[in-house]
Amino acid sequence: MTSKEASPRESGSVEHYDVVIIGAGVSGMYAVHHFREMGLSVRAYDGAKDIGGTWWYNRYPGARVDGPGSPYYCYTFSDEFMKEWDWEETQSEWSAVLAYLEYVADKLDLRRDIQFETWVKDVRYDEAAQRWTVETDTGVRASAQFLVCAVGALSTANMPDISGIHDFAGETYHTGRWPHEPVSFAGKRVAVIGTGSSGIQSIPEIAKEADHVTVLQRTPQFAFPAGNRPITPEEMEEARESWETIRGKMLAHPGGFPVDTHTRSALDDTPEEREALYEELWKRGSFHFFLKSYNDIAISEEANQTMADFVRKKIREVVKDPETADKLMPDHFVMTKRPILENGYFETYNRDNVTLVDLREDPIERFTPTSVVTRSGEHPIDMLVLATGFDAISGSMLRLNPKGRGGRSLKERWTDRFHNYLGLTIRDFPNLFMVHGPGSPGVFYNMPLGAERQMAWIGDCIRHLREQGQGAIEPRAESEEAWDNEVAAIANATLFPRTDSWWTGANVPGKPRYFSVYLGGSLYYQRIAEVKDKDYDGFDFEPAHAPEGAGAS
Ligand SMILES: Cc1cc2nc3c(=O)[nH]c(=O)nc-3n(C[C@H](O)[C@H](O)[C@H](O)COP(=O)(O)OP(=O)(O)OC[C@H]3O[C@@H](n4cnc5c(N)ncnc54)[C@H](O)[C@@H]3O)c2cc1C
């Protein structure tokens, strides 16, 4: 591992690499760079036509960064990118994020090690060779000592199974698989199923153009003003100048954001003080509401109620028709579903061309070729938009379904829980690493930064293995159990597991129903560093069967 540009070997029709990476989104792209810098030979595969993952697929109208936003949703490892790239808005549109990722891919010449339009359909661990064999739908066969699954926590579209849906003859689009050609809503009657982030972002945009929009809502949501605005050149300059400090803050913050969080309980303030703070944060928009309000909103029912009541009041102030406002009233604990940032969502219900159907009282019975039929009657439609989200967190790993020791598949191991250690590794699947998988902070963290930090750990682990003459690393069963307990203990101290959400697997029938994300935020990175510092405590090693390099490039 001395050269910076190791090259693959070929034997027969099998290509040999040190590391195969599945996925070329934000995480897979960084993985290519990171392992290449370590002098390893790498190959990445992605089913998409180009880089970007989430930002390649989610091109629906209104799709934007919906976290604390630009310029902090970015790679942090390169000062050069920060110096060169200009972000124009605080909540960048998908196209701006994709443009940034294209710039990064060009800068680092990433595409030469990525094969696109290639789905990995089979990965198996060869115990004798201590290597993974990879097969793709394009007929590629590859072998690698290490397999890095950057398959995306939000990349497997969740398709609803509703009677007659396949008979619907009009245009049908899933927001997470939006076409690259422009979609026109003009003169059309559109039904949108789903009011999670994608629905709430897209509905106002669709309503501006469509003849009529019927929103089919299962769960009313708390949504907060996105507060999107242009980033001034002065702000960009300031961010550049203080980038080192900003990055330090991001690394220290529980969610990976450069903000100081509030340290007070909501119950320490008087109702008037709380109201004043909520008002101020509501006006500022973005994630300030969560990051800069109180520290017990997700822990104390009473504290939660104060924020929930405030948001419900705001929805009532905006929505003119009281009956519609009633239907839009969320009744779960605020923040215990993915917080949503909106751009005119609630105002949209004041338009004449928008109808809200509350599926709790008026459920969908079936689709016909030209309509959706709910209990109360038929709604003729020309277009169906499925804003039904993803089989999140575990879905893409299960779709890949790696076969580990003894040919045992992940589907067999993950029937009741998503067993793993550190959110990175799985027993019976040696040398396989997940990025943003179950058991990691994944979707609860600034994800580009999370990918960088997980990849650093994986890289160190690979280096350690090779330096020690080991061929394989795999977690012990008791380490998985202890990790599962740790993840559960943190989650159970909060209100999160008490709400049905995609975080708890409630949106996908038959999925194990529990909160599988590590909620400890930056504590996670301390924990994985501790494991590393204790010589990979909790793992079993297997000596290399062949000297280093005999099986690898
Ligand atoms: C609309 C939207 C807004 C978001 N906003 C934010 C935000 O503001 N902040 C934030 O931190 N996160 C946000 N996210 C989460 C976002 O998913 C991550 O930030 C990040 O882009 C994930 O990158 P990734 O590389 O881990 O996964 P992905 O971008 O999902 O990439 C995974 C890739 O793996 C490929 N793949 C999967 N399986 C296979 C296979 N078997 N063979 C070949 N290829 C495969 C897929 O084609 C895909 O390209 C948002 C997500 C969405 C959908």
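**Reading strands and helices in a predicted model**

Modeller: Let's start with strand 13, which is mostly covered: four of its five residues are buried. Keep in mind that this is a predicted model.

Biologist: Okay. Which strands form the sheet, and in what order?

Modeller: First, the general idea. Strands of a sheet pair through backbone hydrogen bonds, and the pairing is either parallel or antiparallel. Here, five strands make up an open sheet, and their order is 8-17-9-10-13. The pairing is parallel.

Biologist: Which are the edge strands?

Modeller: Strand 8 (171–174) and strand 13 (354–358), each of which pairs on one side only. From one strand to the next, the twist averages 15°.

Biologist: How many bridges join strand 10 to strand 13?

Modeller: Five bridges, and the two strands pair in the parallel sense. To find your place, look for Gln-217, which stands opposite Asp-358 in strand 13.

Biologist: And what joins strand 9 to strand 10?

Modeller: Five bridges again link strand 9 (residues 189–193) with strand 10 (residues 212–217), and these strands run parallel. A handy pair to look for there is Ala-191, opposite Thr-214 in strand 10.

Biologist: Now the helices. How do I read a packed pair?

Modeller: Two packed helices are described by the angle between their axes and the distance between the axes. Take helix 15 (residues 447–467) and helix 17 (residues 523–533): they pack at about 5°, and their axes lie 11 Å apart.

Biologist: Why is helix 15 called roughly parallel to helix 17?

Modeller: Because angles under 35 degrees count as roughly parallel, the angle of about 5° makes helix 15 roughly parallel to helix 17. On the helix 15 side, the contact is made by Gly-450, Arg-453, Gln-454, Trp-457 and Asp-460. Helix 17 brings Tyr-524, Tyr-525, Ile-528, Ala-529, Val-531 and Lys-532. Sorted by class, this contact has six nonpolar, two polar and three charged residues.

Biologist: At what angle do helix 8 and helix 10 pack?

Modeller: Helix 8 (residues 271–284) and helix 10 (residues 301–318) pack at about 55°, with axes 11 Å apart. That angle makes helix 8 oblique to helix 10. The crossing is right-handed.

Biologist: Which residues meet there?

Modeller: From helix 8, look for Arg-274, Glu-275, Tyr-278, Glu-279 and Trp-282. They meet Ala-303, Thr-306, Met-307, Phe-310, Val-311, Lys-313 and Lys-314 in helix 10. By class, the contact of helix 8 with helix 10 divides into six nonpolar, one polar and five charged residues.

Conventions: Residues numbered from 1 in each chain as written. Predicted model: local features only at pLDDT ≥ 70, side-chain atom pairs only at ≥ 80, totals over all residues. Heavy atoms only, no water. Axes fitted to C-alpha atoms, helices over the stretch in contact; angles between N-to-C directions. Parallel < 35°, antiparallel > 145°, perpendicular 65-115°, else oblique. Contact = heavy atoms within 4.5 Å. Nonpolar A, V, L, I, M, F, W, Y, C, P; charged D, E, K, R; others polar. Pairing = 2+ DSSP bridges. Buried < 20%, exposed > 50% of the residue type's maximum accessible area, 1.4 Å probe, protein only. Left-handed = near helix turned anticlockwise from the far one by under 90°.
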